[in-house]
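Good morning, colleagues. Please have the viewer open as I speak.

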Amino acid sequence: MDKVSLKDKLKDIKPDIPIDEDSLLKYVELLDVQYNTSLQFSDKFKQLPLEEIQKGFAEGKPAYLSVPLKIEEEDLLASYKAIISFLRENIPETVEPIDKIEASRESGEIKLSELSDALFAGNEEQVHEAAEKIQVDPEVLEAILAWSIQPIFEAFSRALSGETDFSSWKSGRCPVCGGPSRLEFIDEEGHSHLKCQFCGAEWSYPEGKCPYCGNEESESIIEIPVKGEDKFRLMACYKCGGYWKIVDERKVGTNIPRSLYDIWSFRLDLLASGQK
Ligand SMILES: [Zn+2]
Ligand SMILES: [Zn+2]
């Protein structure tokens with residue numbers, strides 16, 4: 001993925017995605033911006049406490065907690081600057097909220113790293129309060145924060161994936177960032193894995209097991225038939241009500257980068273959310 005941009009790969013999968021071309025292009029460009037931004041953080045994660053991390057895995061503790069990963073204000077700021085510059089140029093409706101966020105950040109009214117810590121600790125309330133204070137849509141602030149944190153986690157995840165293996169990790173949540181995954185893929189050898197959409201980590205996970213609650217009783221896990229769909233499968237768990245998608249590389253090949261699998265199979269998300 002070093003040289004080939006995701007944008008170049010988009011043309012092959014565009015017909016499968018029910019999103020207008022312009023929005024789709026911007027989404028993929030944002031992924032490219034995030035990837036390029038993540039490269040500047042690669043050096044940060046050269047010496048990882050692998051033993052601690054593996055010990056954490058055995059206890060079900062994701063790597064970012066074992067390290068523990070501390071997001072520095074200056075790194076977050078560098079990432080955030082790349083994201084807002086892309087948004088300002090490409091998505092006009094973000095210009096006004098970004099101006100407000102910028103003004104409050106510069107005046108010290110908000111601090112990005114504090115908000116990102118809150119977001120990561122699941123304390124969305126704090127982010128929403130900050131958004132209300134500076135009169136920005138909370139979802140916009142949350143999205144900009146998440147997009148800005150992501151490249152740092154991508155770099156961390158990449159470094160870790162090259163240094164250690166995730167075979168002792170048994171959970172359906174991401175071994176690196178602890179996030180949930182709704183994306184399973186089956187490699188060419190027929191092995192099943194989950195992929196994290198937040199940090200990009202990939203780890204083995206048994207096929208037919210719910211990634212959310214770990215249920216593996218075949219009678220309460222079903223494949224939802226999708227008319228006209230021959231690439232992806234939509235799965236649902238009747239125990240927890242969650243759904244996930246399966247991309248089978250024995251069927252679709254490996255020409256498309258896995259970071260595009262989630263958007264490639266977006267049609268299934270539409271169907272799944274419509275069913276609720
Ligand atoms: Zn992750
Ligand atoms: Zn479940």
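I shall discuss the metal site, then the aromatic pairs, and finally one serine.

Please bear in mind that this is a predicted model. Let me begin with the zinc ion, ligand 1. Its protein donors are the SG atoms of C174, C177, C196 and C199, lying 2.3 Å from the ion. What is the arrangement of the four donor atoms around the zinc ion? They subtend angles of 99 to 122 degrees, and the arrangement is therefore tetrahedral. For reference, the ideal angle for four tetrahedral donors is 109.5 degrees.

Along the sequence, the donor residues follow the spacing C-x2-C-x18-C-x2-C. C177 sits in the loop between helix 9 and strand 1, and C199 in the loop between strand 2 and strand 3, so this pair ties together parts that are 22 residues apart in sequence. Both C177 and C199 are buried.

I turn now to the aromatic residues. The structure holds twelve aromatic pairs. In one of them, F57 and W169, the ring centres are 5.4 Å apart and the planes stand at 65 degrees, so the pair is edge-to-face. This pair links distant parts of the chain, with F57 in helix 3 and W169 in the loop between helix 9 and strand 1, 112 residues apart. F57 is buried at a relative accessible area of 2%, and W169 is buried at 3%.

Ring pairs also link F45, Y64, F120, F153, F156 and F198 into a cluster.

Lastly, S104 lies in helix 6. Its relative accessibility is 4%, so S104 counts as buried. Beyond its sequence neighbours up to four places away, S104 touches E109, I110 and I134.

Note on methods: Residues numbered from 1 in each chain as written. Chains lettered and ligands numbered in written order. Predicted model: local features only at pLDDT ≥ 70, side-chain atom pairs only at ≥ 80, totals over all residues. Heavy atoms only, no water. Donors = N, O, S within 2.8 Å, 3.2 Å for Na, K, Ca; no water. Tetrahedral: all angles 85-135°; square planar, octahedral: opposite > 155°, others 65-115°. Helix = DSSP H or I, 4+ residues; strand = E, 2+ residues; numbered from the N terminus. Buried < 20%, exposed > 50% of the residue type's maximum accessible area, 1.4 Å probe, protein only. Contact = heavy atoms within 4.5 Å. Phe/Tyr/Trp six-rings, centres within 6.5 Å; stacked < 30°, edge-to-face > 60°.
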